Amino acid sequence: MRQMAAPSGRSPRPVPAAKGQSKAGAEPRPVPIHRPRTYAAIDLGTNNCRLLIARPQGGELVVIDAFSRIVRLGEGLHGSGKISQAAMDRTVAALSICADKLRRRHVTLSRAVATEACRRATNGEELADRVKRETGIALDIISAAEEAKLAVLGCHNLMEAGDGPALIFDIGGGSTELMHVDASDDDVAIRDWISVPWGVVSLTEHAAAAEDSLAARQACYARMREVTREAFAAFAGRAERFAGQPLRLLGTSGTVTTLASVFLDLPRYDRRAVDGLVVPSDAMREISRRLADASIADRSEIACIGRERADLVVAGCAILESIIDLWPAARVGVADRGIREGILRTLARQGRDVPVTRREFRK
């Protein structure tokens with residue numbers, strides 16, 4: 001067919017093919033989409049399920065999405081040795097939300113780890129199989145040694161500057177890890193460590209008060225302090241060689257961030273105010289004892305504790321006081337970072353990006 005003349009009398013110019021389209025009328029070629037690398041870390045603990053999704057940007061690790069839910073995976077585990085069906089259901093529901101976020105954020109590399117509850121439970125592998133089947137997430141049940149390493153890797157850059165001996169502790173739901181470290185801004189080495197099977201869930205179930213009276217609460221707290229003091233005894237003996245030196249102390253996980261929030265009297269939790277805060281050890285002790293004396297109803301009314309943490313926070317206070325006993329630093333550093341950031345750092349290294357800090361996304 002002949003081409004119609006344009007009003008000018010000249011033949012019109014052929015329309016150029018669109019970018020990615022062939023000239024001979026063939027199907028257009030797909031234009032590749034280049035997305036930046038995106039990493040995700042899931043930490044399934046005895047009490048919480050937490051997710052972080054981040055991208056490297058300008059030498060930092062920028063968090064673009066996050067999720068946290070209390071699942072109480074270890075509820076009843078101390079007595080039964082098994083994860084209950086209800087706890088499994090709660091956990092799978094939370095991880096299904098995580099799986100959806102991984103897909104929507106086009107995650108390049110991810111890792112999901114489970115800690116003490118799954119290590120201890122006789123049906124931990126059964127849960128991992130169900131999670132894989134129903135959500136597609138491969139759950140890696142890690143050792144206490146790897147848990148300690150990831151926690152240190154994720155938060156060590158918040159350690160107070162100085163040359164004194166440094167201790168990082170992680171009070172979890174089912175276990176607590178203490179790590180004596182040599183830390184700098186760029187690197188960290190673990191010199192000594194211990195993991196004990198007492199966290200806020202396991203210790204609460206082991207030494208629960210018979211009634212909610214002041215005398216019963218004080219007796220319960222004394223039992224918790226004795227249990228943790230005995231559990232840390234071997235490490236405390238090794239720590240005696242640092243007596244008289246200026247000690248440094250950094251804590252990660254819910255207990256220290258909650259107590260830091262109470263110290264600041266925050267109306268609601270604010271990570272930007274808490275992460276990196278340094279609190280006098282005496283203030284941490286005073287808050288711990290005040291919470292231990294308070295009724296569950298009174299603890300529930302404290303903004304950053306609420307009903308979900310009111311029954312567990314006292315066990316965390318007992319563990320924290322025992323740590324300050326054996327490592328009597330003048331101040332306690334507070335980190336709202338740990339295992340997930342440690343995972344992200346290792347994934348970024350695999351992707352040939354090595355972020356040094358964590359920065360929140362801005363909406």
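Trainee: How much space lies in the second largest cavity?

Mentor: This is a predicted model. A search of the whole structure finds two cavities of 30 Å³ or more. The space in the second largest cavity comes to about 50 Å³.

Trainee: Which elements give two or more residues to the lining of the second largest cavity?

Mentor: The lining includes L77, H78, E116, A117, R120, V201, S202 and E205. Elements that give two or more residues to this lining are α1 (77-80), α3 (116-120) and α6 (200-206).

Trainee: Which residues lie nearest the centre of the largest pocket?

Mentor: The largest pocket holds about 1,200 Å³ of space. Its lining is made of 45 residues. Those nearest its centre are R50, S68, R309, D336 and R340.

Trainee: Which element supplies the largest share of the lining of the largest pocket?

Mentor: Several elements each supply at least two residues of this lining: β2 (48-57), β3 (60-70), β6 (166-171), α9 (254-264), α10 (271-274), α15 (339-350) and β12 (357-360). The largest share is five residues, and the element that supplies them is α9.

Trainee: Is strand β11 largely enclosed or left open by the rest of the structure?

Mentor: Strand β11 covers residues 331-335. A residue is buried when its relative accessible area is under 20%. Four of the five residues of β11 are buried, so the rest of the structure leaves this strand largely enclosed.

Trainee: In which sense does β9 pair with β11, parallel or antiparallel?

Mentor: Strands of a sheet pair through backbone hydrogen bonds, in one sense or the other. Strand β9 (residues 248-252) and β11 share three bridges, and T252 has A335 of β11 as its bridge partner. The sense of the β9 and β11 pairing is parallel.

Trainee: And in which sense does β10 pair with β11?

Mentor: Strand β10 (residues 278-280) is joined to β11 over three bridges. P280 has R331 of β11 as its bridge partner, and V278 stands opposite G333 in β11. The β10 and β11 pairing is antiparallel.

Trainee: Which strands stand at the edges of the sheet?

Mentor: The open sheet has six strands with mixed pairing, in the order β8-β7-β6-β9-β11-β10. An edge strand here has a single partner strand, so one of its sides is left without a neighbour in the sheet. The strands in that position are β8 (188-196) and β10.

Trainee: What does the twist average from one strand to the next?

Mentor: The sheet runs from β8 through to β10 in its strand order. From one strand to the next, the twist averages 25 degrees.

Trainee: Does R217 count as buried or exposed?

Mentor: R217 is found in helix α7 (residues 214-231). Leaving aside neighbours within four places in sequence, R217 is in contact with D212, A292, D293, A294, S295 and R299. Its relative accessibility is 13%, which is why R217 counts as buried.

Trainee: What percentage of the residues of the protein chain count as buried?

Mentor: The protein chain has 15 helices and 12 strands. It exposes about 17,900 Å², with carbon and sulfur atoms supplying 51% of that area. Of its 363 residues, the share that count as buried is 51%.

Trainee: Among contacts with a separation of 6 or more, what share comes from residues 24 or more positions apart?

Mentor: The contacts concerned are those in the protein chain between residues with a separation of 6 or more. Within that set, residues 24 or more positions apart account for 72%.

Methods
Residues are numbered from 1 along each chain as its sequence is written. This is a predicted model: local features need pLDDT of at least 70, side-chain atom pairs count only at pLDDT 80 or more; totals for chains, interfaces and linings use all residues. Side-chain values use heavy atoms; hydrogens and water are left out. Buried means under 20% relative accessible area, exposed over 50%, partly exposed in between (1.4 Å probe, protein chains only). Contact means heavy atoms within 4.5 Å. Accessible areas come from the Shrake-Rupley method with a 1.4 Å probe; for residues, only the protein chains shown count as cover. Two strands pair if DSSP finds at least two bridges between them. Axes are lines fitted to C-alpha atoms, for helices over the stretch in contact, and angles run from 0 to 180 degrees between N-to-C directions. On a 1 Å grid over the protein atoms alone, a cavity is a set of points where a 1.4 Å probe fits but cannot get out, and a pocket is an open set with protein on both sides within 12 Å along at least five of seven lines; lining residues have an atom within 4 Å of a point. Grid points are joined across faces, edges and corners, and a volume is the space filled by probe spheres set on the points.
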